[in-house]
Amino acid sequence: MQVYVECICGKKFHVDREQVSEFDCEGCGRKLVVPPEALYAKLENLRKRMKEGEPGMREAMTAAAALRNVHAVPLLKEGAQSGIREAVNTALVGLCDFPGPGQDVVSDWIGTGMLSVTRLVAALREGKYESGADFICSLVAQDKLKESHVAEVAPYLGDSGSQRSLATLKELRRKYPNLGGILDSALAKLRHLDGSAGAIPDEAKRIPGRESQSEPAARKGCMGLLLALVAVVGMLAALLW
């Protein structure tokens, strides 16, 4: 029996289930496994539903996201590019909610510019995805976001109310002092977790070139005090003699 297998990289294959159970993708080298009959039937029904207009696409994306299976990722990719807002939101959240293949797709799209961070954040907000902030923090930790992306995700992290968002924003504040206004505003929303949130870090207060000027000034002040003490001692000694 010929079955249809699609890799998350986009390569598509028709294979004989009786002869092949798994194989390597010719495009990316991933190990592909032929889905069981029951799962394959569900996927085929979802593909048909996706072609039945906007309601069909929305329902199919909800069902595909619930599968949390690598074979559903190509369907979610198609739904995320459908242009139907609710279906796009559901598909993007479904991809973010599937560690490994699903999250890899989102990360790759952001890196190549196929998906804007603004659109991703909108989907996470509108989908009320509880783990959205954690996913964004993971992208930051993996250095997947550019400086311009940081400015876009900061308000979302500030609204999340999570400890991990707080730690991430503090680290970003140290890394990008020129985004101080945006990051400080986001941190201020998390003051209920840490009273110092939103305060300017000490390292951000330093002005390049000024460090070398402060030390000599301090030394000069100490030397002046020492000379004054020596003068007083000298005067007392003169009076005693």
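User: Why are H1 and H3 called roughly parallel to each other?

Analyst: The axes of helix H1 (residues 37-50) and helix H3 (residues 73-80) cross at roughly 10°. Angles under 35 degrees count as roughly parallel, over 145 as roughly antiparallel, 65 to 115 as roughly perpendicular and the rest as oblique. H1 and H3 are therefore roughly parallel. Their axes come within 11 Å. Axes are lines fitted to C-alpha atoms over the stretch in contact, and angles run from 0 to 180 degrees between N-to-C directions.

User: What makes the contact between H1 and H3?

Analyst: From H1 come Leu-43, Leu-46, Arg-47 and Met-50; from H3 come Leu-75, Glu-78 and Gly-79. Contact means heavy atoms within 4.5 Å. By class, these residues divide into four nonpolar, one polar and two charged. Gly counts as polar here; Asp, Glu, Lys and Arg are charged; Ala, Val, Leu, Ile, Met, Phe, Trp, Tyr, Cys and Pro are nonpolar, and the others are polar.

User: What kind of model is this, and how are residues numbered?

Analyst: It is a predicted model, where local features need pLDDT of at least 70 and side-chain atom pairs pLDDT 80 or more, while totals for chains, interfaces and linings use all residues. Residues are numbered from 1 along each chain as its sequence is written, and side-chain values use heavy atoms, without hydrogens and water.

User: How many helices and strands does the protein have?

Analyst: There are twelve helices and four strands. Both are DSSP runs, numbered from the N terminus: helices are H or I with at least four residues, strands E with at least two.

User: How do you know how H2 and H4 are oriented to each other?

Analyst: The axes of H2 (residues 53-67) and H4 (residues 85-96) cross at roughly 10° and come within 9 Å. H2 and H4 are therefore roughly parallel. Met-57, Arg-58, Met-61, Thr-62 and Ala-65 of H2 meet Glu-86, Ala-87, Thr-90, Ala-91 and Gly-94 of H4. That contact has five nonpolar, three polar and two charged residues.

User: What makes S1 and S2 a pair of strands?

Analyst: Strands pair if DSSP finds at least two bridges between them. Strand S1 (residues 2-6) and strand S2 (residues 12-16) have five, and run antiparallel. Val-3 has Val-15 of S2 as its bridge partner. Five residues lie between the strands of this hairpin, where Gly-10 has a positive phi near 110°.

User: What makes helix H6 mostly covered?

Analyst: Seven of the ten residues of H6 (residues 117-126) are buried. Among them are Arg-119, Leu-120 and Leu-124. The buried residues of H6 pack against H4, H5, H7 and H8.

Terms used: Buried means under 20% relative accessible area, exposed over 50%, partly exposed in between (1.4 Å probe, protein chains only).
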